[in-house]
Structures are given as C-alpha cells and as structure tokens.
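User: I would like to learn how to read helix packing, sheet order and a chain interface from a model. Please take me through these features one at a time.

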Amino acid sequence: MTKETGTGDMTMTDGQPVVLAERLGKRYRRGWALRDCSLRVPAGRMVGLVGPNGAGKSTFLGLLTGLLRPGAGRVEVCGTEPSGRHPDPRISFLSQGKPLYPQFTVEDQLRFGRSANPTWDQAHAEEFLARGHVPAGARIGTLSGGQRIWVALAVALGTRPRLVLLDEPLADLDPVARRSVLAALAQQRQRHGTTVVLSSHVLAELEEVCDHLLLFAAGRVRLAGDVRELLAGHSVLSGPRTGPIPVPARCVVDAAKTGHGTQLLVSPGPAALADPAWRHRPPTLTQLALGYLRSAHQEVAA
Amino acid sequence: MIWVAWRQQRAQLIFLLVLLVAGYAAMLLLRGSMQTDLAGLGGCATESAVSGPCVTRVSSFKDSWYDLLKAAEAFVLVLPVLLGMFCAAPLIAKELEHGTHLLAFTQSVGRTRWMLSKFAVAAVPALVVLLALQQGAVSWVDAAGRLGPLDSGPFEWTTFGSSGVAPVSYLLFCLAFGMTAGALARRSLVAMFTTLVTFVVLRVLLGSAHGMLAGTQRLVSDDPAKSPGSETAAQYVESGYLNAQGQEITVEAAQPQISACGSRGGAPLAGDLTACYRDHGLVKSYLDVVPSSAAASVHWAEAAVFAVLAVLSLPVCRWALHRRP
C-alpha cells in the first residue's frame with residue numbers, strides 16, 4: 001500500500017535526488033525495523049517524516065547518516081552511500097534528545113562544531129543563538145529545553161549542510177517555540193537551499209511547513225512524495241452510513257463510519273460521482289496521513 | 001578534536017594537577033622530616049644491631065615512619081587502577097550514556113580519531129602524574145633504606161608494585177582496558193567495576209606466577225631436615241624433598257614420612273631426625289625461589305603482559321565503536 005508520486009517531472013527539474021533509497025531495510029534481533037523502503041527526496045525540500053512511535057523513522061535517519069548499515073537494499077545521500085567511518089560534512093544530523101555536552105558553555109559547544117568540521121560558519125551558527133536568545137556564556141546543563149534546541153540547531157546548521165536530518169526536534173517544546181523553530185528551518189531552506197528532513201509523530205505541527213511527506217508505519221513506507229501531488233491524488237468522500245459505496249473497493253484507502261455517515265479516503269482523486277448522495281472534497285494532510293496510518297494499523301492487526 | 005577532549009576532561013585534569021602538586025609536596029616534606037630523624041639516629045642508622053641502645057631508637061624510628069612509607073608505596077600501586085576507573089572508564093561510557101557520542105560521530109570526525117584523541121588527552125597527563133608521584137615515593141622510600149620497606153626485599157607486594165616499570169605498565173593497562181570496558185558495557189559504573197576487578201585478578205595471577213615469568217633458582221640442602229638457607233629478600237616459590245634418585249617429593253607427598261619421623265603424643269623424637277628422613281627416602285631438601293636479583297626481569301616480564309593486553313584493548317574498543325551507532 002505504498003503510494004509514491006513526485007518521482008516524475010519534479011525530480012527532473014530538481015536534478016539529482018538528495019535521498020535515494022531502494023528496497024532499503026534494516027533488521028534487528030527482534031525483527032525488521034524497516035523494510036522495502038524505496039523513495040526519493042528531491043533537493044531543497046522541507047520533508048516531514050511522520051509515523052507513530054516505532055514506525056522506523058529513527059532507523060531510517062540512522063541509515064541516512066551512516067550510523068546504521070543497511071541490512072538490505074541500498075541508500076544514497078547526496079549522491080554517495082553514507083558511511084559511519086567518514087561522515088559527510090554536507091549532511092548534518094540532530095539525533096533524538098538533542099545531545100549536547102552538558103558541562104560545556106554554549107560558546108564551547110560552537111567551538112566543538114568549529115573544530116570538528118572543515119565547513120563551519122560561525123556567524124551563521126550565532127544567528128540561531130540570537131533567535132533563541134541564548135546567552136553564549138551559559139553552561140548547556142543550565143539551559144531550558146527551549147534554549148537547548150537553538151544550540152543544537154546552531155551546531156547542526158553551522159556546518160552549512162546541504163541536508164539536515166532532525167529526529168524529533170520539536171518534542172518537549174512549547175507551541176511558541178515550535179513555531180519559531182519551524183520558521184527558522186523554513187528560512188534556512190529558502191535562503192540556503194538546504195534540504196530539511198524532520199521527523200515527528202505529530203503530523204499537525206508539520207502540516208503548514210512541509211512540502212514533502214514520508215509516512216512510515218510498522219517499518220514500511222506508506223506514503224512518500226510531494227504534498228500537493230499527494231493531496232491531488234486523493235479525495236475524501238462523505239455519504240450515507242449504509243448502502244453501496246460509489247467507488248471500486250480497491251480505490252478505498254480507509255473507511256470511517258461516523259455518527260453522520262461514512263467517510264472514505266480514496267485514491268485516485270476526484271472523479272465524477274454518479275451518486276448524488278455522496279460529496280467529495282480534497283483531503284487535508286492530516287486526513288490523508290491518518291487514513292494511511294489507520295489502514296496500516298488494520299493491516300498489521302489482521 | 002584534542003581541544004574537545006581537553007575541554008571535556010578539564011575538571012579531571014585540574015584535579016590531577018592538584019593531586020600531583022599536593023602529593024609531591026607532601027612526600028618531599030615528609031622525606032625531609034624523616035631525614036632529620038635519620039640523622040638523629042647517627043651510627044644506629046646503618047648498624048643492624050640486635051641489642052643495645054640502637055634497638056629502641058631504631059624501632060621508634062620504624063614506628064613513626066614504616067607505615068607511612070608503606071602507605072606511599074601502596075598509593076603508587078593503586079593510583080593506576082584509580083586513574084583507570086575514574087579517568088578512562090567513563091571516557092566513552094559517559095558519552096554513550098548521554099548520547100553525546102552521536103555529536104562527534106555525525107560531525108566530520110572519524111570514530112577512531114575521536115577515540116584516540118580522547119585516550120591521549122586522558123593518558124598523557126595521567127602518565128606524567130603517576131611518574132612524578134612514583135619518583136617522589138621511590139626516592140622517599142630509598143632514603144629510609146633498610147630501615148624502611150626495602151628491608152623486606154623487592155618482592156614485597158607494595159615495593160614491587162610501586163617500583164620499576166610496574167606502575168607505568170599497570171597504568172597503560174588500566175587506561176586502555178577501562179576505556180574499552182566503557183565502550184563495550186556502555187555504562188560508566190559497570191566499566192569502572194570491571195576495570196577494578198580485572199586489574200586485581202590479573203595482578204594476583206601474575207604475582208603468583210613470578211617464578212614462571214623469570215625462572216626460579218633451586219637451592220638444595222644435603223640435610224633433609226633443614227631447609228637450605230636463602231636470602232630473605234628472595235621470593236619463595238616452592239619447597240620439598242629429593243629422593244636418592246634426585247626426584248622431587250612435594251611436602252604433601254612426604255607427609256607420611258615426615259610424620260613417621262615426627263614426635264607423637266609428646267614422646268621424644270626417635271633418634272636423629274636427619275637419619276630418619278634419609279631412612280624414609282627423603283635424602284635432600286630443596287627450596288625454589290626467585291632471587292632478588294631477578295626482580296628487574298620479573299618487572300619487565302609482567303610489564304610486557306600488561307602492555308600487550310593494553311595494546312590489544314584498543315582495537316577491541318575501536319571495533320565496539322564501529323559496531324553500533
């Protein structure tokens with residue numbers, strides 16, 4: 001049940017994809033954490049990597065950074081296969097929990113970035129500190145979660161990467177901080193053409209900013225592609241609670257019965273509906289994602 | 001990366017510096033004060049008198065200094081394992097616990113370089129501190145001469161472990177092993193405990209294998225009832241008897257013969273003990289020792305074992321780092 005779009009003309013105009021995965025898989029002792037993952041992400045996108053906990057998002061990011069080695073298939077990032085031994089300076093990664101050296105001062109933490117990277121832009125890194133009103137002399141251990149994210153972003157983006165991978169960067173932030181972080185990332189993408197991948201198990205917060213969606217569930221990619229194309233390729237049908245549905249069953253991604261009637265998420269998108277009892281409208285990103293997540297859940301349960 | 005490693009270990013390194021200065025100064029002061037006491041002993045300091053006025057003066061000198069000297073030696077002996085536990089074991093384990101290793105691994109830093117720079121920044125200062133404190137302790141102990149722990153010979157456990165190449169080899173092992181244990185266990189406390197236990201076990205095993213490391217010297221007495229005399233400084237390895245063919249009979253194996261010749265129930269000995277032993281087939285007695293002159297080669301042999309284990313630890317650590325994210 002993988003839906004992939006955006007591999008056509010979009011990729012042609014954007015040139016080489018930043019991320020290219022072919023039947024990528026990773027297996028742990030307890031089973032496959034990620035399986036049969038084939039997708040491509042064009043350059044310069046703001047990518048939402050969405051899925052419930054345990055969907056394989058962190059594993060996927062680990063494979064992109066080279067921290068994990070694929071158990072199956074292959075992956076290319078910025079045109080090369082990622083290697084844990086020689087991290088690519090064009091790729092930045094902020095892992096879950098935003099690790100920073102607690103005993104360092106903010107200044108020291110930036111100096112770490114400077115000494116560990118051949119491509120370091122101090123002024124650019126300091127912009128992020130200024131945005132978060134983080135005092136440069138403060139010890140990391142004394143900062144609030146809302147301040148730590150800015151230091152983490154400064155370290156991750158101070159290297160001027162082509163691709164930045166952020167694993168749950170918005171977790172433990174208040175709504176105001178989330179918005180300003182997303183705004184900063186959007187600006188980074190716009191000004192520097194950086195491809196931004198951010199994972200979250202809350203789709204709603206990504207809906208406004210992301211133009212590319214990767215939806216994972218139970219270790220598989222359920223939906224991958226350009227957000228506009230994905231939305232255009234689906235529609236939501238509302239109709240009576242009982243009676244026949246107006247589309248072939250294979251088109252139905254997800255069906256939900258509510259008090260008012262039946263709501264169907266169908267693919268492909270709008271077509272002339274013969275039955276006047278049914279109305280259709282374009283789905284929101286949340287509806288789309290929820291539909292696929294629910295169907296994935298039922299598939300796993302079955 | 002050196003800067004990062006230095007910045008991370010700054011607090012520890014400052015503590016080491018304080019330890020070095022305080023420890024060295026304390027030993028210098030104590031040594032000076034001891035030398036005043038030594039001068040006060042006058043001729044008694046060199047005489048091995050068994051009676052007369054020197055005995056009380058020498059024993060009062062020993063009362064005030066012997067334990068302190070022994071403590072200085074013991075400090076140099078345990079310093080390597082303490083440094084291994086507190087400086088090396090958390091080196092990688094703490095980063096793994098906090099997830100900060102990912103900072104380095106995902107920046108443009110190779111894992112091997114990261115590991116080696118951390119190790120170097122921990123090892124070099126530790127080595128300097130240890131060597132300086134060892135020098136301080138050894139020169140203090142030397143100043144006491146036969147009135148101090150040196151009287152018991154080079155194999156006395158504190159003297160052996162605090163002199164020659166021993167402390168440096170212990171330190172290299174404890175640091176490399178501690179760091180590796182941390183990378184494998186991914187928990188500081190587990191790594192610290194493992195380092196301590198492994199070092200103690202190795203030290204005890206190697207301590208009981210001195211004979212194998214440097215070879216033993218066999219002393220034979222023609223009188224089976226008397227042990228061959230040896231220098232008190234030599235390390236005892238084994239003793240027993242020889243039969244007429246020159247074959248060894250251990251003390252346990254000789255028990256029936258010994259008890260046949262022994263006194264029973266307070267009854268007086270049946271004649272000449274030597275003749276009785278000989279009659280029962282115990283012709284000579286022997287004693288295997290490691291002579292004190294072999295102390296240096298035992299040191300080097302033991303150091304070689306520790307150094308090899310230290311060097312082998314590093315690739316294991318590297319493998320552990322490359323194995324998992």
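The dialogue below takes up these features in turn.

Analyst: This is a predicted model, in which local features need pLDDT of at least 70, side-chain atom pairs count only at pLDDT 80 or more, and totals for chains, interfaces and linings use all residues. Residues are numbered from 1 along each chain as its sequence is written, while chains are lettered from A and ligands numbered from 1 in the order in which they are written.

User: How many residues of chain B are in contact with chain A?

Analyst: Two residues are in contact if their C-beta atoms, placed from the backbone, lie within 7 Å. Here 20 residues of chain B are in contact with 23 residues of chain A. On the chain B side, the elements giving two or more residues are α1 (2-8) and α4 (101-106); helices (H or I, at least four residues) and strands (E, at least two) are DSSP runs, numbered from the N terminus. α4(B) gives the most, with five residues. By class, this side of chain B has nine nonpolar, nine polar and two charged residues. Ala, Val, Leu, Ile, Met, Phe, Trp, Tyr, Cys and Pro count as nonpolar, Asp, Glu, Lys and Arg as charged, and the others, Gly among them, as polar.

User: At what angle do helix α2 and helix α3 of chain B pack?

Analyst: Axes are lines fitted to C-alpha atoms, for helices over the stretch in contact, and angles run from 0 to 180 degrees between N-to-C directions. Helix α2 (residues 10-41) and helix α3 (residues 53-98) of chain B pack at about 165°, with axes 11 Å apart. α2(B) is therefore roughly antiparallel to α3(B), since angles under 35 degrees count as roughly parallel, over 145 as roughly antiparallel, 65 to 115 as roughly perpendicular and the rest as oblique. Among the residues that meet are B:M34 of α2(B) and B:W65 of α3(B). This contact has 10 nonpolar, one polar and two charged residues.

User: Which residues of α7(B) meet α8(B)?

Analyst: Helix α7 (residues 166-185) and helix α8 (residues 188-207) of chain B pack at about 140°, with their axes 8 Å apart. The two helices are therefore oblique to each other. From α7(B), the residues B:C174, B:F177, B:G178, B:A181, B:G182 and B:A185 meet residues of α8(B), including B:T194 and B:F199. The contact divides into seven nonpolar, six polar and no charged residues.

User: In what order do the four strands of the open sheet in chain B stand?

Analyst: Strands of a sheet pair through backbone hydrogen bonds, either parallel or antiparallel. In chain B the order is β1-β4-β2-β3, with antiparallel pairing; two strands pair if DSSP finds at least two bridges between them. β1 (217-221) and β3 (248-250) of chain B stand at the edges with a single partner strand each, so one side of each is left without a neighbour in the sheet. The twist averages 35° from one strand to the next.

User: How many bridges join these strands, pair by pair?

Analyst: β1(B) pairs with strand β4 (residues 284-290) over five bridges, and B:Q217 stands opposite B:V289. Seven bridges pair β2(B) with β4(B), where B:E238 stands opposite B:D288. Three bridges join strand β2 (residues 235-242) of chain B to β3(B), and B:G240 has B:T250 as its bridge partner.
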